[in-house]
Amino acid sequence: MIYSSPTLAPMGRLLPLAFAIFVLSIAILNSLSTADDPYRCSGLMRDGSWLNTPEEKSQRSFTNWQPDGCMLRDYTKEDIHDCFGDRHVVFSGDSTTRQVYWGLARLLDRKAARDAEKHAEIHESYDLTFDGIRMLQIWDPLLQTGGLNPSLSEQLTLFAQEKHHPVPIEQQKSPALMMIGAGSWYVLLEKEPESLTKFQAAFNNVTDILHLQDLPPFGTAPLDPLDGVGNEVFFAPIAPPFYDELPKSRTTPEGVHKGEVEVIDAWLENIQKQRNLRLLDSFPALSRNEPEVIVDKNQTGFHVISSVAEIKAKILLNLRCNAKLDQMKGYPYNRTCCTDYGRPSLMQTIVVGLTTLFVLTCVVFEIMDVMGGSSETHRSSVFGMKIGIFPASMLLCYYTDRTQLFAKGNKQLVNSEFFFLIAVCVILALVTIRKTVPRSSRTPAPPATATPVQDDAGILSRDQTEEWKGWMQAVILIYHWTGASKHLGIYTFVRLLVAAYLFQTGYGHTIYFLAKKDFGFRRVASVMLRLNLLSCALPYVMNTDYMFYYFAPLVSFWFLIVYATLAIGAKYNDNTKAVLIKILSGLALVWVTLKLTPLNSVVFAMLQTIFRIEWNLHEWEFRVQLDGVVVFVGMVAGVIQQRVRRDSSLLTNYKTAIIPAAIALFAYAGSCHRYFGQKEDYNAFHPYVSFIPIIAFIALRNAFIPLRNLYSTAFAWLGRCSLETFILQYHIYLAADTKGILLLDMFRGSDGSLFRDRWRDLLILVPIFLWLSHCVAEASGLIVRLLMDNSNERGSDEVNEEVKIEESRYSLLGIAHVSRAARAAKWLRSDLRITVAGILVSMWLLNWLY
């Protein structure tokens, strides 16, 4: 079949084609890559920056460290247990190493660690157990080995034997993690150059036991599928003190001299490649140009505050454990440093491979069309970039968020950055304001009793609702990128935006069902396919699950509730009172079911048993109950819109509602600010009152005819692809399954702020992301139309007016007759119910094979 589209501009074909070729190039690059740091281990060990703004930096706010090109993950004690198992850990060196020892102990058991630290002697070794993990701290500030320090020599020897001659994990006796850090005592006790000479001799004795030069460079060899990087030993250089802050007692001829520490660190750097050292250069970087990080800068000058000591422990854990936990636990893949994201399963590999093959086929067909001079036709209804952009977008998600080809960054809420991005969106909205062009309504309007108001687009016109979705989506994108969920006021506002989306769900579908009276299977199937196409396909590529992209399941659930409410007893829908009674009954039934019955638990258990679907029941109940009332309020609004005459003051005169609406908004905001100090407090209040500011906004937005006749074309454009934008942001605009943000390696190395650093990433990534969302929205609609049009059931409102279908003039394989397989496939597609059943059965099989 050949599609022709007279409105399709040449650039509209070339851009998707170029994008698909780019994605395929990324796939080839990933498979052939021989990067020096394929898992971003060196990036974590080498450098980084604090994301806390200068005015926020204090002894309590140094908590958000951004490694070079990846994200530092917080570790729980459960994570540490999963990583170490029954193996112990060893720390050896001076007091700076001891700080990291206690930092890791606090991550395991904060109370027990603090109590133990209070009673521990300063210059002694410890052999303690915290939450079942044995932690050995060998006091050795001079790095003595052999008979002077048999404990360290024993641990080094054990490590070397098992590292050079690997044994199964259950048979290992060496430490899972070992850190050695010393040098400050040589600086304090020896004059130059004896401090360097003696340190070199001691350090050489340690490395002579390990023979690390006989091993592959750290983070370059293929990772073990069971243990990741395996047991490792890391060396910590000394962080130079702030010399000008040291007391005179520390700068005597035998004390610390400016540059003395740097000489030792430079020597370690020089021998790093030769000795194959796992050198933690990021440890000194933590205090670089940050005197507030040092807790005793006016005394010894070497010790960091407690939160930074814990950051050092987390760096070690991310180096040692990320790859192992990615393989064990899967998504969310917020362990982005020193990992290969776990080896994909066989089924995931097959799915990604078939997706790649499909995109390649679409590229070939598209090139054939373009080279043949056909700028407005497609030789295939399936293999072309209008549909091929859909799988190409999923491939991009995979290579951005399941490989190390792109950098990932931590989020950091800076209020000025959030409001600056909002201001940019406001400016964009203002410069794209246009007057609504009247459209023919898809649903019959109630009759008017008088001459209709001239040039009145009406309340909640198509352009206005699309604009509403668009600016809400823009705010949500900024909210997620900046990590603004930490700000209670912003969090409250975004919760209202999600409620407004669901209000529109109830409103729009109610109008359709009351006007069209179409409760057939075709309507339900088309809506459900359109809502869920991307969110059902993407999990098989990304190894996530359907519920992870929670908005699609949420709107699907509420669509089915609206459908059931109006479809049951549909013969009474012409009676307004009866419809309102049905809506109230539906509200009561849903809330009783959700709150007082175990139906959710039963359904989720059945899904897990029969379909092998493992969804988070608690998360689902939280999402669905949070906005359980506003959908029904939207249904009532839809009834009013459908049944009230067009010239009624209820739909044309909102001037009298301006003051009450403004008062309602201010009262709502004031109440939230005054009475709710935690998210949990507001969430308990939100379901019952969220419709108040929504109705108030509608009243203000439609207060005057000129106001409701104008809309922002930019936001309306975004609103038309808001579903795809919401889903694709998880992996293309954000990263690490929404826990971080996507960055470009070409811009690495600055301070991580928006104004001095990340604006460049946004400038490149956001236009691509938004354009791709728009293309995927169009592709999703086209795929659904193809599925609908292949069945014998037709719906006049769903016929694609933009795409004309013509018979193919030739067969790709040159076969004139139709094979039996083709006839069988045609029969399967002829009945929509069989088509939908086939899709569901395919997903069921994939779930069991995945």
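Which helix lies across strand 10 and strand 14, and at about what angle to strand 14 does that helix run? Helix 30 (residues 754-789) lies across both strands and runs at about 75° to strand 14, where axes are lines fitted to C-alpha atoms, for helices over the stretch in contact, and angles run from 0 to 180 degrees between N-to-C directions. Helices (H or I, at least four residues) and strands (E, at least two) are DSSP runs numbered from the N terminus, and residues are numbered from 1 along each chain as its sequence is written. The model is predicted, with local features needing pLDDT of at least 70 and side-chain atom pairs counting only at pLDDT 80 or more, while totals for chains, interfaces and linings use all residues.

The sheet in question is open, with three strands in the order 10-14-13 and antiparallel pairing; two strands pair if DSSP finds at least two bridges between them. Strand 10 (407-409) and strand 13 (734-735) stand at the edges, each with a single partner strand, so one side of each is left without a neighbour in the sheet. Strand 13 pairs with strand 14 (residues 740-743) over two bridges, and leucine 734 has isoleucine 741 of strand 14 as its bridge partner.

Elsewhere, the axes of helix 6 (residues 150-164) and helix 8 (residues 194-210) come within 8 Å and cross at roughly 35°. Helix 6 contributes Ser153, Leu156, Thr157, Phe159, Ala160 and His164 to the contact, and helix 8 contributes Val206, Ile209 and Leu210, contact meaning heavy atoms within 4.5 Å.

Helix 22 (residues 630-643) reaches 20 Å from its first C-alpha to its last. Ten of its 14 residues are buried, that is, under 20% relative accessible area, with exposed meaning over 50% and partly exposed in between (1.4 Å probe, protein chains only); among the buried residues are Val630, Phe632, Met635 and Gln642.

Asparagine 847, placed in helix 32 (residues 832-849), counts as buried at 17% relative accessibility. Leaving aside neighbours within four places in sequence, asparagine 847 is in contact with Tyr540, Phe611, Arg612 and Ile613.

Confidence is expressed as pLDDT, the predictor's confidence in each residue, from 0 to 100. The chain has a mean pLDDT of 88, and 89% of its residues reach 70 or more.

| Stretch | pLDDT | Contacts in the model |
|---|---|---|
| Residues 449-453 | below 50 | five, beyond near neighbours in sequence |
| Residues 794-818 | under 50 | 32, beyond four places in sequence |

Technical notes: Heavy atoms only, no water. Expected span 1.5 Å × (residues − 1).
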